[in-house]
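Colleague: Could you take me through one part of this model in some detail? I would enjoy a close look at the metal site and the charged pairs.

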Amino acid sequence: MISLTKTGLSACQKAYADYLKDKTPAYARFAAKKGKVTITAYESGKVVFQGADAAHEADRWSAYQQKQQSPKAAAVNEAGRAKSADNQGTKKQHSHAKAPADTLPKDFANWSVIGSDEVGAGAYFGPLTTAAVYVPAERIDWVKRLGIADSKNMTDAQIKEVAPQLIQHLAHHVINLGPHKYNQLQAAGTNIVAMKALSHNFVLTAVQEKIAPEQADAMLIDQFVQASTYFRYLKKGKQEQIAQQHVYFATKGEGKHVAVAAASVLARYVELQEMTKLGQAAGLNTALPIGAGKQADQVAATLVQKGYDLEDFAKVHFANTAKVQALVNKG
Ligand code: MG
């Protein structure tokens, strides 16, 4: 794989114009087959050469290769150096110079990033929904123009309008831990933080696979626990794949990179859909309410009275369950 400048990528596309393949892989700019070499190029400038003679074909573009170390690569190396210096016990002049683990490199907001976020952890009804979205550098402005920078302040209607566009144009993955499965795991001793950790890792690695061989510059997790705890849960959960390289954590992550904002919007969108489905499954003509307040208790009491099993609709270990039972007994 080589990394070309913008000019190089254009030149490359022209050069292979007569060799284009019928199908372009998702998220690629173009794919071509010349002789025995398959060429796949991405908007980021990354170009992959595969097959016999691939190296020779790639060499043609050496003049256009991004020779200089990009600022972000420099930042990553810088962070790595700082870490190894710490490990060797190098004395620091100023203790405050030691950066916390979740400090993001300068210019991070402009990187190509897979962001992840989850919703539903505090909602009595419905799933724990976790989403990851890849926003390559050249898509950042487009995502910003959708108006999702501050996803927490968006209405359901806005979410429903914007999310389908994200789904159409960006590599993404969503996992729903429905109430039934959630309750099983919870009863078996998997706590909510572990469930979040496993879910985040799952969607992040899924998106990574979808965009391969392109690689994101980094992954950013909307932070819900310390990094060390996060990775401990993944090890304990015996995950097949654990995304570890270039993984960053940040609280209020949606403000640090639009990929997290996009993930948050997508997770909310799927949660809304699930609430509607669950409402239908319960014979209601409305969605189940989001949250863990009195409204949720009232609706849950109605479901119990109608003979439904709350295990299939709600996170039953919540304190709400006792309140619901009291309402039913009063009923
Ligand atoms: Mg979050």
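Which residues coordinate the magnesium ion?

Modeller: Happy to. This is a predicted model, so local features need pLDDT of at least 70 and side-chain atom pairs count only at pLDDT 80 or more, while totals for chains, interfaces and linings use all residues. Residues are numbered from 1 along each chain as its sequence is written, and side-chain values use heavy atoms, with hydrogens and water left out.

The magnesium ion is coordinated by Asp117 (OD) and Asp222 (OD), at 2.0 to 2.1 Å. Asp117 lies in strand E5 (residues 113–119) and Asp222 in strand E8 (residues 218–222), so the pair ties together parts that are 105 residues apart in sequence. Donors here are N, O and S atoms within 2.8 Å of the metal (3.2 Å for Na, K and Ca); water is not among the atoms, so the site may look incomplete. Strands are DSSP runs of E with at least two residues, helices runs of H or I with at least four, numbered from the N terminus. Both Asp117 and Asp222 are buried, meaning under 20% relative accessible area, with exposed over 50% and partly exposed in between (1.4 Å probe, protein chains only).

As for charged pairs, the whole structure has 6 salt bridges, each a side-chain nitrogen of Lys or Arg within 4 Å of a carboxyl oxygen of Asp or Glu. In one of them, Asp156 pairs with Arg268, the closest N and O atoms being 3.4 Å apart. That pair links helix H5 (residues 156–169), which holds Asp156, to helix H9 (residues 258–281), which holds Arg268, 112 residues apart. Asp156 is partly exposed at 38%, whereas Arg268 is buried at 17%.
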